[in-house]
Amino acid sequence: MKKIVIAGRNDSGKSTILGEIYKGLKSKDYQPLAVGSGVQDEKPYLLKGIEATYLTIAIPESGHDVITDIDRVVRNAINLIKERNSLIQHAKKALEELNKVRSVLDLGHLYQEDIPPVSAIPDVILIEAVGINDGYKSEETRRLGDILVSVVPAGIKSEIIMEQGNTLLDEADILVITKIDETARDVATTTIKLLKRIYRYKPIIPVVATQGVHMDLVLDEVLKRLADPVRLLENEERERKKPARSG
Ligand SMILES: Nc1nc2c(ncn2[C@@H]2O[C@H](COP(=O)(O)OP(=O)(O)OP(=O)(O)O)[C@@H](O)[C@H]2O)c(=O)[nH]1
Ligand SMILES: [Mg+2]
């Protein structure tokens, strides 16, 4: 299962981006599991529409910006979903039995619809790294993810970008520049130009994360990296089978 890590300095917009990517992936029939790095993540995630079933909080040890045993956390979360699904299935069967004898026992009406549906098992993991203050140097965060999305606020100081050892910028798969709406235009432009000069071949996407502006571009880049060849082929097949529309 692929892991997407959202990294970046404090307050850069990671949670917001994570929520947007979650929504976007869902709309493409993925079911992400969101892993937050602190209890403060829980409420904003729920507000952004991440379902409680697919939300888990794993707090890294102090001094670390990601949890080291993420696989265990993911396994636990998936086991919980499976257990719940199994309970639901049992409840459905039990209700069937109950309904058979309902008239005999003079029971009131109970409906299958009252039992929640079983939940899909997640097929992609979204992890928010803790933003430690100077932001972009965490090797362990890099190692954790299959896809690294690094979030940079447009107002960041150029010196920080130019520092040595910014692993999370150097090795990012996608650079997302946030808060372009509240940053002076020349400052934002300088940040973007500088990043483009250093990282010529990376997708560098300015967004207004809070309004979802350009998040479709971010999603496209994520999808490209997520898609396995089989899935791509299937999509292509489907496109080809579509009847040509006229008009
Ligand atoms: N105007 C504006 N505000 C934004 C943008 N992205 C995020 N914010 C706001 O910036 C604040 C921090 O956003 P979060 O998504 O919580 O940032 P974070 O990186 O997860 O923060 P920590 O986890 O606390 O390090 C929130 O108040 C967001 O609403 C943006 O593109 N434009
Ligand atoms: Mg956050």
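Which residues have the most contacts inside the largest nonpolar core? Keep that in mind while setting up the view of this predicted model.

**Whole chain**

Start with everything shown as a cartoon. The protein has nine helices and seven strands. Along the principal axes, its C-alpha atoms fill a box of roughly 80 × 60 × 30 Å. Of the 247 residues, 45% are buried. Among contacts with a separation of 6 or more, 74% join residues 24 or more positions apart.

Next, colour by domain. The domain assignment gives domain 1 as 2-51 + 68-78 + 123-227 and domain 2 as 84-114. Their C-alpha centres are 45 Å apart.

**The largest core**

Select Val152, Leu175 and Leu195: these have the most contacts inside the largest nonpolar core, a set of 34 residues. Helix H3 (residues 70-105) supplies the largest share of this core, with five residues. In general terms, nonpolar side chains tend to be buried together in soluble globular proteins.

Centre on Leu175 and show what surrounds it. Beyond the residues up to four places away in sequence, Leu175 touches Ser150, Val152, Leu169, Leu195, Tyr199, Lys202, Pro203, Ile204 and Ile205.

**Helix H3**

Now select residues 70-105, which form H3. Its 36 residues reach 50 Å from the first C-alpha to the last, close to the 52 Å expected at 1.5 Å a residue. Look along the axis for a kink of about 35°, centred on Asn99. Just after the helix, Asp106 has a positive phi of about 65°.

Which residues of H3 are buried? They are Ile70, Val73, Val74, Ala77, Ile78, Ile81, Asn85, Ile88 and Leu95. An α-helix has 3.6 residues a turn, so residues three or four places apart point the same way. To see what covers the buried residues of H3, display, among others, strands S1 (2-8), S2 (32-36), S3 (55-57) and S4, together with helix H4 (139-144).

**The magnesium site**

Move to ligand 2, a magnesium ion. What coordinates this ion? The donors are OG of Ser15 and OE of Glu128, at 2.1 Å. Ser15 belongs to helix H1 (residues 14-27) and Glu128 to strand S4 (residues 124-128), so the pair ties together parts 113 residues apart in sequence. Both residues are buried.

Stay on Ser15 and check its burial: its relative accessibility is 15%, so Ser15 counts as buried, the limit being under 20%. Apart from its neighbours within four places in sequence, Ser15 is in contact with Asp41, Tyr45, Lys48 and Glu128.

**Last stop: Leu223**

Finish on helix H8 (residues 215-226), where Leu223 is found. Is Leu223 buried or exposed? Leu223 is buried, at a relative accessible area of 17%. Leaving out residues up to four places away in sequence, Leu223 touches Leu25, Lys28 and Tyr30. For a distance check, pick the C-alpha atoms of Leu223 and Val149: the two residues are 74 apart in sequence and 12 Å apart in space.

Definitions and conventions. Residues numbered from 1 in each chain as written. Chains lettered and ligands numbered in written order. Predicted model: local features only at pLDDT ≥ 70, side-chain atom pairs only at ≥ 80, totals over all residues. Heavy atoms only, no water. Donors = N, O, S within 2.8 Å, 3.2 Å for Na, K, Ca; no water. Helix = DSSP H or I, 4+ residues; strand = E, 2+ residues; numbered from the N terminus. Buried < 20%, exposed > 50% of the residue type's maximum accessible area, 1.4 Å probe, protein only. Core = buried A, V, L, I, M, F, W, Y, C linked by side-chain atoms within 4.5 Å. Contact = heavy atoms within 4.5 Å. Domains from an automatic or database assignment. Expected span 1.5 Å × (residues − 1). Bend = angle between axes of the 7 residues up to and from the residue.
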